[in-house]
Amino acid sequence: MRFRILAAFLIGLGLLSCSDTPETNSILVANIKDLNKGTVYLERLQDSSLIRIDSVLVDGQSPLTLGTNLDSPEVLYVHVLVDASELIDTRIPIFMEPGTVELFTRLNNLQGASVIKGSANHEKWQEYKQSMARFTDRNLELIKALIESGKDQNDSLTAAIEAQQVQLVRSKYLATINFAKNNTAYAVSPYVVLNEVRVAKNTYLDTVYNALQDSVKTGTYGKELFALINQQQEAAGDQ
């Protein structure tokens, strides 16, 4: 009888323990060359602050494994503390999703050398960044031209360059909206809209949101886009 009572108690304790621990459904396997000692953190952006959600001590072993539980794909960040004293100021953003994602990089160029495998959303995010590079390059050209026109005190040329900058921003907005409309099966679609074109007209935001697949609408960034649309509608109604 005592054995039965003890067994029931242990089973109940085990069930309670399991219910209090969220399941880890998203695993990051990190390969960081030349990192032999320190700590690697996995972080999430929450209320405009980065919070640590997992960590692993590094003592020569590689690869490293970190994990969390995700309701939907989400951008998380890898942050490195070297030798328990030197915090590298570079974070590696990774579009994590349920399953296993691999990171390959090296200590002296954490973000620049990073290669991410196993995340379809991260691949699409990289496609977006590459397509936006031309706008960045063109904007740098215009900034340089603007500085030169200022030195020459050429007001008419300065005005023309500023007009080109405004048009460039509009073109980038439209390119972002088009990318989002063409990738509505991915969480990266509402993500790039939220981060790049929050001030776009509500009709553009509505078009993207309504085209999202249901699984994306109910995900983290789909919900945020819906909230943004409602905020803009309420603000317009108050005017």
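A salt bridge is a side-chain nitrogen of Lys or Arg within 4 Å of a carboxyl oxygen of Asp or Glu. By this rule the structure holds eight salt bridges, and in one of them the side chains of E43 and R52 meet, at 3.7 Å from N to O. The structure is a predicted model, in which local features need pLDDT of at least 70 and side-chain atom pairs count only at pLDDT 80 or more, whereas totals for chains, interfaces and linings use all residues. Residues are numbered from 1 along each chain as its sequence is written, and side-chain values use heavy atoms, with hydrogens and water left out.

**Salt bridges**

Side chains of opposite charge can pair when their charged atoms come close.

| Pair | N to O distance |
|---|---|
| E43 and R52 | 3.7 Å |
| E148 and K151 | 3.9 Å |
| K172 and E196 | 3.9 Å |

E148 and K151, by contrast, both lie in helix α2, three residues apart, which is about one turn of the helix. Helices here are DSSP runs (H or I, at least four residues), as are strands (E, at least two), and they are numbered from the N terminus.

To describe cover, buried means under 20% relative accessible area, exposed means over 50%, and partly exposed lies in between (1.4 Å probe, protein chains only).

**Around T176**

T176 is found in helix α3 (residues 155–181), and it is buried, with a relative accessible area of 0%. Its side chain makes a polar contact with the side chain of Y128 at 2.8 Å; a polar contact is a pair of N or O atoms within 3.5 Å, where, within protein, one must be able to donate a hydrogen and the other to accept it, and residues adjacent in sequence count only if both atoms are side-chain atoms.

**Enclosed elements**

Seven of the nine residues of helix α4 (residues 188–196) are buried, so this helix is largely enclosed by the rest of the structure; among the buried residues are V192 and V193. Strand β4 (residues 64–68) is likewise largely enclosed, because four of its five residues are buried.
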